[in-house]
Amino acid sequence: MQRDLLIREMQAILGPEGVISEREQLRSYECDGLMNYRVIPELVVLPETAEHVQSVVKLCYNEGIPFVARGSGTGLSGGALPVESGVLIVLSRLRRILEVDIPNQRVIVEPGVINIWVSQEVADEGYYYAPDPASQIVSSIGGNLAENSGGVHCLKYGFTTNHVMGAEIVLPDGSMVNVGGGMAPDAPGYELLGAFVGSEGTLGIATKITLRIVRKPEAVRTLLAAFKDTEEAGGAVSGIIGGGIVPAAIEMMDSLCIEAVETAVHPGFPQAGAILIVELDGPAAEVEDQFQHTIRVCEENDASEVRIAEDDEERALFWKGRKAAFAAMGRIANDYYVQDSVVPRTELGAVLKRISELGSEYGMRVANVFHAGDGNLHPLVLYDNDVPGEAEKAEALAGDIVFTCLEHGGSLTGEHGIGEDKKKYMPKMFTTEDLDTMQLLRCAFDPHQICNPGKIFPTPRLCGERPGPFRMHPVQKAGLAENF
Amino acid sequence: MATRTENVSLEDLQSIVGEEHAREAAPEDAIDGVAPSFVVEPGSTEDVSELMKLANDRNLAVAPRGGGTSMSLGNPPRELGLILSTSRMDAVVEHVPGDQVVRVQSGIRFADLQARLAESDQMLGVDPPEAGNGATVGGIVAANSSGPKRYRYGTIRDLIIGITVVLADGTVAKAGGKVVKNVAGYDLAKLFTGSLGTLGFIAECNFRLHPRPETARTVAVELPDTASAGAASQAILHAQVVPSAVELLWDGETRMIAVLIEGIPSGIEAQAETASHILGSFGEVSTLGDDEAGSSSPPGAGDDGVAVKISAPPAELAGVLDSTLGASSRLGVTPRITGHAGTGVTYVGLSGGDEGARAGVVEELREIWLRRGGSVVVREAPPAFKERVEAWGPIGTRLDLTRRVKEKFDPRGILNPGRFVGGI
């Protein structure tokens with residue numbers, strides 16, 4: 001289809017305001033939160049309703065035009081990176097909270113609704129939405145769903161997938177289906193909702209999402225403990241969890257990270273080799289008991305200091321320091337490259353040691369801030385883009401860190417997703433058979449591979465519509481995929 | 001019912017698993033009256049792969065079987081040639097207590113796994129009623145079985161973090177991993193959860209574990225009517241109590257809501273007190289010293305009765321009770337009811353009356369609760385009943401997509417044909 005005609009057809013669906021086609025404007029959408037990859041889309045569309053989304057997708061399907069859905073664009077793996085000659089469907093105008101159902105502990109939202117809005121909406125009723133990615137003040141529920149976002153409190157409360165109860169989805173052929181029970185549990189049939197959440201926008205576009213909300217805990221206690229090094233801090237983590245406590249959060253920062261955060265937001269953290277922030281929540285009596293136990297464990301592991309947040313303000317200060325960690329890196333380095341691998345908790349010590357050795361071998365600094373409770377590392381490889389070759393070196397070091405994590409039984413990504421960024425590593429974690437089997441699901445949802453094509457899988461497979469004469473798929477013609 | 005076993009001989013199967021692990025089927029191996037030809041017990045994932053290849057090449061219908069405790073779930077098989085029993089694949093492959101994860105072969109009995117994990121003061125946080133009857137972990141995943149504690153820990157789909165499956169064509173594939181937090185690749189472990197053996201054979205599963213609670217207490221209230229059951233359940237759900245289960249018992253003279261509280265001694269004292277106070281305004285409260293609320297079993301079908309599961313929004317508990325009691329009484333059927341009031345799951349056993357009356361009750365309930373966004377599934381019933389009433393009920397807009405998924409994973413339709421939703 002000719003570009004002018006496509007623009008006219010999209011305008012007929014969305015009105016002139018809903019279509020962006022000027023190159024300079026398109027440029028603002030060339031990347032998401034991961035700026036290493038940039039592609040200018042053919043067109044950006046801004047639907048306002050589920051019906052708009054459906055019509056746009058149908059048009060794309062009929063014309064064989066690839067499309068990519070985008071929420072707030074905060075993703076860190078290039079999942080919302082546009083495809084060339086494709087349409088970028090931006091969902092930020094679908095931002096209504098459609099229904100609040102306190103008796104059933106559910107909220108129904110459109111995909112562009114910002115994560116924090118959900119908690120704000122139900123706060124007066126004593127509820128909140130548990131998944132809290134660090135981006136929660138800007139990231140959208142639709143994006144969270146696509147990435148199966150985590151957050152600091154998912155150790156106890158689970159991930160997005162444990163809190164999404166139903167979704168209305170526009171499939172890549174423009175048909176609309178409802179998956180998951182929504183208000184009621186256990187919808188009969190395949191767990192299509194569980195398969196859809198975390199599929200990184202490759203199986204369709206959610207246009208209506210039913211979320212579970214959780215009662216605010218009666219009590220919250222937070223402490224900050226300083227240690228000589230990450231190994232001692234790691235010992236405390238094992239001690240706390242080994243004691244049968246499931247903390248709401250356990251976060252660790254190493255000395256380099258503390259230094260950056262201190263420079264940037266001045267939370268007054270102690271100077272130490274490592275600090276832990278531990279938060280417990282739940283029924284008051286239980287929390288108090290377990291909090292005292294947690295303090296003892298920190299002391300037994302030679303904590304040089306244990307600070308207890310006396311009120312919400314002090315707690316907020318602890319978290320401010322933690323949540324500013326990525327942004328604060330700018331104070332000690334021009335650029336950084338972040339990874340998101342996961343290791344089994346008992347491997348943390350060995351992996352951190354190896355990361356530090358790798359840093360020395362490469363002659364580069366690596367700052368560590370991570371979800372210690374679930375072994376989700378965020379090593380930040382610091383570099384200077386202005387020094388020729390440093391960016392490549394940083395990426396190579398980050399890659400070696402990822403391989404180290406895999407060798408220790410871990411995963412490529414705990415919450416950021418594979419997207420464009422990590423698909424090259426997928427064969428290190430999965431066999432060809434594993435990846436082909438995953439793509440069977442892809443073929444059931446998106447036989448023509450027009451929905452966020454090229455993400456997650458290093459070697460896209462075509463789904464082979466067997467009947468009819470053989471026609472080579474354009475992607476295959478270009479040598480980018482093999483037939484399935 | 002047709003079987004296509006003329007294509008496969010017992011010797012073919014024995015050549016893969018050894019003579020002693022493949023046999024002609026016995027009458028008790030039948031599923032809903034449909035008799036298979038053979039029962040095979042593979043010893044490894046590689047065995048399963050070879051067996052599946054053989055079955056796929058020769059067009060032989062396959063039904064995976066664990067402890068055999070949910071074989072009545074679903075519609076009667078359209079055909080059945082081979083039962084693949086997981087009984088020999090029962091190892092704990094890996095358990096590092098410090099990581100709070102476990103990797104097991106699917107044929108391990110759930111009770112054996114829990115006993116093993118208890119040695120490290122850990123548990124897999126599900127308590128399906130079939131656990132006491134020899135249910136296997138793979139069977140629980142395939143049937144998506146759950147129990148009272150799903151209120152706190154979720155269902156098995158929330159706890160499974162990795163899976164190894166064997167597809168119809170013999171392909172061995174895994175997804176997920178052995179870390180709790182992991183978003184690499186599609187979550188096929190969830191897709192296979194509750195798929196009733198229609199997408200592939202589940203060979204291994206990885207789960208996240210929870211610490212075993214130190215102690216438990218149950219607070220129960222006797223209720224005068226259905227409205228107070230709904231109100232009592234709601235009052236607990238919105239209170240500062242963090243129960244592990246909120247259960248309903250509605251059987252003859254027993255009409256109660258029971259709240260299970262787990263944790264450390266100091267914690268449950270305070271919570272039990274709060275729960276007693278809240279429930280006290282609905283009826284007489286009793287406190288039980290153990291986890292009695294966790295031990296109620298859904299009513300079965302009995303000799304010729306029917307067992308169904310109603311899923312509905314949890315706030316509509318009174319409506320579920322009223323509709324069930326109303327339809328049963330009008331049609332002369334006797335209901336026994338239990339349920340997970342906190343999560344909106346109600347189990348109903350129907351006895352008495354004739355088959356037409358029991359079918360009438362199920363159809364009426366299905367009509368009501370489908371309209372309200374829920375579902376009514378026949379869990380157990382004689383084959384004749386299943387011919388009158390389809391086991392799962394309609395699945396709406398999901399049907400086409402469901403069929404496409406099935407077709408991609410099992411293009412020849414050899415896996416449990418006919419038993420699952422939409423007759424797939």
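Colleague: Let's begin with the two chains. How many residues of chain B are in contact with chain A?
Modeller: This is a predicted model, and in it 67 residues of chain B are in contact with 69 residues of chain A.

Colleague: Which elements of chain B give two or more residues to that side?
Modeller: They are helix H6 (156–159), strand S9 (172–176), helix H7 (188–192), helix H9 (265–280), S19 and helix H13 (399–409) of chain B.

Colleague: And which one gives the most?
Modeller: That would be H13(B), with six residues.

Colleague: What about the classes of residue there?
Modeller: The side of chain B that touches chain A divides into 28 nonpolar, 26 polar and 13 charged residues.

Colleague: You listed S19 just now. Which strand does S19(B) pair with?
Modeller: Five bridges join S19 (residues 375–380) of chain B to S16(B), and the two run antiparallel. S16(B) is also joined to strand S18 (residues 345–351) of chain B, by six bridges and again antiparallel.

Colleague: Where does B:Ile310 find its bridge partners?
Modeller: In S18(B) the partner is B:Thr346, and in S19(B) it is B:Val376.

Colleague: Is S16(B) mostly covered or mostly open?
Modeller: Mostly covered: five of the six residues in S16 (residues 306–311) of chain B are buried.

Colleague: New topic, domains. How is chain B divided?
Modeller: Into domain 1 (5–86), domain 2 (92–211), domain 3 (215–295) and domain 4 (306–393).

Colleague: How do domain 1 and domain 2 of chain B meet?
Modeller: 17 residues of domain 1 are in contact with 23 residues of domain 2. On the domain 1 side, helix H2 (45–58) and strand S3 (62–65) of chain B each give two or more residues. The largest share, seven residues, comes from H2(B). By class, that side has six nonpolar, nine polar and two charged residues.

Colleague: And how far apart are their centres?
Modeller: 22 Å, taken over C-alpha atoms.

Colleague: Last one, helix H3 of chain B. Which residues are buried there?
Modeller: In H3 (residues 110–118) of chain B, B:Phe110, B:Leu113 and B:Leu117 are buried. They cover an arc of only 60° around the axis, so they sit on the same side of H3(B).

Colleague: Why would that spacing work in a helix?
Modeller: An α-helix has 3.6 residues a turn, so residues three or four places apart point the same way.

Colleague: What covers them, and what's on the other side?
Modeller: The cover includes strand S5 (92–96), strand S6 (101–105), strand S7 (122–123) and helix H4 (137–143) of chain B. On the other side of H3(B), B:Ala115 and B:Ala118 are exposed.

Definitions and conventions:
Residues are numbered from 1 along each chain as its sequence is written. Chains are lettered from A and ligands numbered from 1 in the order in which they are written. This is a predicted model: local features need pLDDT of at least 70, side-chain atom pairs count only at pLDDT 80 or more; totals for chains, interfaces and linings use all residues. A residue is buried if 20 or more other C-beta atoms lie within 10 Å of its own, exposed if 12 or fewer, and partly exposed in between; C-beta atoms are placed from the backbone. Helices (H or I, at least four residues) and strands (E, at least two) are DSSP runs, numbered from the N terminus. The arc is that of the directions from the helix axis to the C-beta atoms. Two residues are in contact if their C-beta atoms, placed from the backbone, lie within 7 Å. Domain bounds come from an automatic or database domain assignment. Ala, Val, Leu, Ile, Met, Phe, Trp, Tyr, Cys and Pro count as nonpolar, Asp, Glu, Lys and Arg as charged, and the others, Gly among them, as polar. Two strands pair if DSSP finds at least two bridges between them.
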